[in-house]
Amino acid sequence: MKISLLITTFNSTSQLAYTYLKEQGHSVDVVYAINDAQMKEEIDAFSPDLILCPFLKKFVPSEIYNNYPTFILHPGIRGDKGAYSLDNAIREERNEWGVVYLRANDDFDGGDIYAEVNFAMRPTYKASLYRNEVNVASLEALQRVLKNSVDKAFKPIPQLPTPLHKQLTQVHRAIDWDGDTTQEILKKIYMSDSLPGVLDELLGVECYLYGAWEEEKLRGMKPKEIIAKRDGAICLATIDGAIWITHLKEVGKFKLPATYVLKDRLKGIKEERLPLIFDKSYKTFYEISCEIKDEVAYLHFNFHNGAFSSDKCMKLKYAFEYIKEQVKVVVLMGGADFFSNGIHLNILEDSKKNGEDGWSNINAMNDLVKSVLFADDVITVASLEKNAGAGGVFLALACDYVVMREGAVLNPHYKTLGLSGSEYHTYSLPKRVGEQKAKEMLEACLPVGAKAGKAIGMVDAVFAHTNYQAELQAFCGALLVDEDAYEDFLWDKEDFLEENRAMIEAKREAEIAVMYPEFWEITSSFHTLRYEFVYKICQTKTPQRLKAIITE
């Protein structure tokens, strides 16, 4: 079929729909919902059989939905309407939630339902639910709506005659530090993270709060007192415990680690350190952890939004080098929402020396990748259960094996941010897909789904969402069944790396030679594109890279 994706932005849900539809052989056109005339013009030019709206905030004009079957994904159950769907589900402590695909009409979220999928709610923040449970459910709902939309025997379910949600303001989200328990504070931040955040004031700074973690051991003298800091986060006392806040956003600015926002105001606050790899023996804020099972180490690195600042790169490098001495296989697991998205753009935008700090960040990322790439005494596996982008993809490709969950999406490119990229990608990507395909992928700047990744050799195995962890463990276990084969693999790996070390390192040197002016020169497009990304500047037209590929 010819299918248009009418979207507000090309977010994770939109990319998941795009990659799935392309893998199924459909001709897909992307249209950004900027204004009514532009939407209609682009839709009419493509003349689709079907319009899907996996992430749309704007009302669809009647001139579109009256002429083309149009279906809108809503992140709520039947009867739920309007904005703040997940916010309210968290606020009301729902045990179950879901998504529906509605037929567009003149009633906001009031159209007939062509697909609905429910899921169990986790006690976590809104963005994590969206990136995980909502995305998984959205793919199943997409498969159903494609089938039901062309099935003449199918009868859609009427939407319930319920009212739209009332607006949730900062009045509903505000924390009463003298009255709210730790769990109440957690819920308020969870329902507001990542948008709009909880507006508050800390040490004289008006800012939004994000990234809440319960603290089990530390206690303060009075509520809201900052009692510790760790890895960019701050710990605040509550009436019955304490809570970590990892990120803040000053009004009118952008999100940063909390200590970056409060800076010198935190003088005298103790750095409450954890071991490099935390054993998760009590509730607190941590980023790096590991489980070891049958000589296989599963190394988790839960960095906020998958962003790797220089210090995170170094810590993960040391953690990897430490843990690989204890096992035969190391699995890079990534975090709760992302595997990795490469260097930390928000910190670079905040820096007064963004050239110097950008240079430091890319070299720290390269050093991390080098440790994985040249680890000749252990087998390495990248577990792409979550999405990855830019340098994060090439961190994964530094491993001996790459496995991926169906429904995960990769963005193996840098160009949309004005960078040529490093992380040994000119070695690792062509090694897997060939020189020509690697060049095409870096230029096209399009997302890659699991099925397509497997087909071109980027990915060695794809596991089902429903049984991912069991299949991953079986895959890793199989690497150790034959001891002779394991030893032979490591001998061959060591010989190959020794013979090709100079060539591989030359690739890195060539990469950073190209990147040097991208970081340091004032006229570099990286500075403009980074600013637009960090401040979330809205697109003024549908990106041409999407139109060129899908309309040929």
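Here is a chat about the sheets, aromatic rings and salt bridges of a predicted model.

Q: Before we start, what kind of model is this?
A: It's a predicted model.

Q: Okay, sheets. What is the strand order in the sheet that contains β1?
A: The order is β2-β1-β3-β4-β5-β6, in an open sheet of 6 strands with mixed pairing.

Q: Which strands stand at the edges there?
A: β2 (27-32) and β6 (113-120) do. Each has a single partner strand, so one side of each is left without a neighbour in the sheet.

Q: And what does the twist average from one strand to the next?
A: For this sheet the average is 20°.

Q: How many bridges join β1 to β2?
A: There are 6 bridges between β1 (residues 2-7) and β2, and the two strands run parallel. As an example, I3 has V28 in β2 as its bridge partner.

Q: Which strands does helix α1 touch?
A: Helix α1 (residues 12-23) packs on the sheet and touches β1, β2, β3 (50-53) and β4 (70-74). The helix direction makes about 175° with that of β1.

Q: What about helix α5, which strands does that one touch?
A: Helix α5 (residues 126-150) packs on the sheet too, touching β1, β3, β4, β5 (96-103) and β6. Its direction makes about 155° with that of β6.

Q: Let's go to the sheet with β13 in it. What is the order there?
A: That one goes β13-β14-β15-β17-β19-β22, an open sheet of 6 strands with mixed pairing.

Q: Why is one side of β13 and of β22 left without a neighbour in the sheet?
A: Because β13 (288-293) and β22 (461-463) stand at the edges, and each has a single partner strand. The twist in this sheet averages 20° from one strand to the next.

Q: Do β14 and β15 run parallel or antiparallel?
A: Parallel: 5 bridges join β14 (residues 296-301) to β15 (residues 329-334). Within that pair, A297 stands opposite V330 in β15.

Q: What does helix α9 touch?
A: Helix α9 (residues 310-323) packs on the sheet, in contact with β13, β14, β15 and β17 (379-384). The direction of α9 makes about 170° with that of β14.

Q: New topic: how many aromatic pairs does the structure hold?
A: It holds 25 of them. One is F278 with Y282, whose ring centres are 5.3 Å apart with planes at 85°, so that pair is edge-to-face.

Q: Are F278 and Y282 buried or exposed?
A: F278 is buried, with a relative accessible area of 4%. Y282 is buried as well, at 18%.

Q: How about Y531 and Y535, what kind of pair do they make?
A: A tilted one, since their ring centres are 4.6 Å apart and their planes are at 40°. Y531 is partly exposed at 40% relative accessibility, and Y535 is partly exposed at 28%.

Q: Which residues do ring pairs link into a cluster?
A: W213, W244, F278, Y282, F285 and Y286.

Q: Which ring does the charged end of R530 sit over?
A: The ring of F526, at 4.8 Å from its centre. Another case is K293, which lies over the face of Y298, 6.0 Å from the ring centre.

Q: Last topic, salt bridges. How many are there in the whole structure?
A: A search finds 29. One of them joins the side chains of D200 and K224, at 2.8 Å from N to O.

Q: Where do D200 and K224 sit in the chain?
A: D200 is in strand β7 (residues 198-202), and K224 is in the loop between β8 (205-215) and β9 (226-230). They are 24 residues apart, so this pair links distant parts of the chain. D200 counts as buried at 12% relative accessibility, while K224 counts as partly exposed at 25%.

Q: What does K315 form a salt bridge with?
A: With D231, the closest N and O atoms being 2.3 Å apart. K315 is in helix α9 and D231 in the loop between β9 and β10 (233-238), 84 residues apart. K315 is partly exposed, at 27%, and D231 is partly exposed, at 24%.

Key
Residues are numbered from 1 along each chain as its sequence is written. This is a predicted model: local features need pLDDT of at least 70, side-chain atom pairs count only at pLDDT 80 or more; totals for chains, interfaces and linings use all residues. Side-chain values use heavy atoms; hydrogens and water are left out. Two strands pair if DSSP finds at least two bridges between them. Helices (H or I, at least four residues) and strands (E, at least two) are DSSP runs, numbered from the N terminus. Axes are lines fitted to C-alpha atoms, for helices over the stretch in contact, and angles run from 0 to 180 degrees between N-to-C directions. Contact means heavy atoms within 4.5 Å. Rings of Phe, Tyr and Trp (its six-membered ring) pair if their centres lie within 6.5 Å; planes under 30 degrees apart count as stacked, over 60 as edge-to-face and the rest as tilted. Buried means under 20% relative accessible area, exposed over 50%, partly exposed in between (1.4 Å probe, protein chains only). A charge sits over a ring if NZ of Lys or CZ of Arg is within 6 Å of the ring centre and within 35 degrees of the ring normal. A salt bridge is a side-chain nitrogen of Lys or Arg within 4 Å of a carboxyl oxygen of Asp or Glu.
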